[in-house]
Amino acid sequence: MLDEGDDIHALFHGAPATTEFKKLRKRIIRETREAIDRYGMIERGARWLVCLSGGKDSYTLLAALTELKWRGLLPVEILACNLDQGQPGFPATVLPEFLEKMGVEHRIEYQDTYSIVMDKVPQGRTYCALCSRLRRGNLYRIAREEGCSAVVLGHHRDDILETFFLNLFHGGKLATMPPKLLNDEGDIFVYRPLAHVAEADCEKFATAMNYPIIPCDLCGSQDGLQRQQIKKMLDEWESRAPGRRQKMFSALMNARPSHLLDPSLFDFSGLKKSGEFESKAEN
């Protein structure tokens, strides 16, 4: 790590010197780099719009990408961006002051999507889908205005697992958040470099670094969300069998279409017994 003397990015000033934290930081950086390489995220000389909500995950994302760039392992430009969605009580000065202090290039955008969500979503329904759609549309617009080829999000391993089970239990499909996708217009990539990083590690890291965490009071104000139920289920499984989350995540990287039931992924009709083609050819 580049932590000798003044040769350290401001984001890492005051980092704990404990062996435990050093291992945590090294693991996060390694797993972030693995995801970037595995899913082909790097376009040399590209400009990334790194989305910063003020939560533990987005702070970890910014720090990990900054360290990789600082060490010469991420040849892209980084523009941090916070979309202030007009939630009542949102501490609008926290992120600008933090990013200025850290010397991070950034853009703060205000768009009152909160009022739209509260007006359009019926009472008792969850806000997440509409809120996410409005946020994503604004981020694509900002990326185009800033000349960014990718919108980079802080979703981690546990988000991906929870989404898989949400789709399985409630959507009737095997799908989750992909680490890399192209938007519908075909001009902006969406990257999730923390795809291999555990949520617990993000929390430990952001807490240890004392980053100014801002909670999401919009979705966080709703009880009984399906995602919360899935998270509770996964927590219970993990408590009974430590390491189960990682096992399940590994399974998402080891799909076998021939052992599922989707004929669009595997040609079941064309599956022939050994020697059938040769016997037909002989006749």
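Visitor: How do the residues lining the second largest pocket divide into nonpolar, polar and charged?

Guide: This is a predicted model, so local features need pLDDT of at least 70, side-chain atom pairs count only at pLDDT 80 or more, and totals for chains, interfaces and linings use all residues. Residues are numbered from 1 along each chain as its sequence is written, and side-chain values use heavy atoms, leaving out hydrogens and water. With Ala, Val, Leu, Ile, Met, Phe, Trp, Tyr, Cys and Pro as nonpolar, Asp, Glu, Lys and Arg as charged, and the others, Gly among them, as polar, the lining divides into 13 nonpolar, 2 polar and 1 charged.

Visitor: Which residues of that lining are the closest to the centre of the second largest pocket?

Guide: A pocket is an open set of points on a 1 Å grid with protein on both sides within 12 Å along at least five of seven lines, and lining residues have an atom within 4 Å of a point. Helix 6 (157-171) and helix 9 (244-252) each give two or more residues to this lining. Of its 16 residues, the closest to the centre are Phe164, Leu174, Leu252, Ala255 and Leu260.

Visitor: Which residues does leucine 65 touch?

Guide: Contact means heavy atoms within 4.5 Å. Not counting residues up to four places away in sequence, the residues touched by Leu65 are Thr32, Ile36, Trp48, Val50, Leu74, Ile78, Val152 and Pro193.

Visitor: Is isoleucine 29 buried or exposed?

Guide: Ile29 sits in helix 1 and, beyond its neighbours within four places, is in contact with Ala64, Glu67, Leu68 and Arg71. The cut-offs are under 20% relative accessible area for buried and over 50% for exposed, with a 1.4 Å probe. Because its relative accessible area is 6%, Ile29 is buried.

Visitor: Where is confidence lowest in the protein?

Guide: The average pLDDT (confidence per residue, from 0 to 100) is 88. Strand 4 is highest, at 98, while residues 220-224 stay under 50. Among the elements, the lowest mean, 49, belongs to helix 10 (residues 276-282).

Conventions: 1 Å grid on protein atoms, 1.4 Å probe; cavity = no way out; pocket = protein on both sides within 12 Å on 5 of 7 lines; lining within 4 Å. Helix = DSSP H or I, 4+ residues; strand = E, 2+ residues; numbered from the N terminus. pLDDT = per-residue confidence, 0-100.
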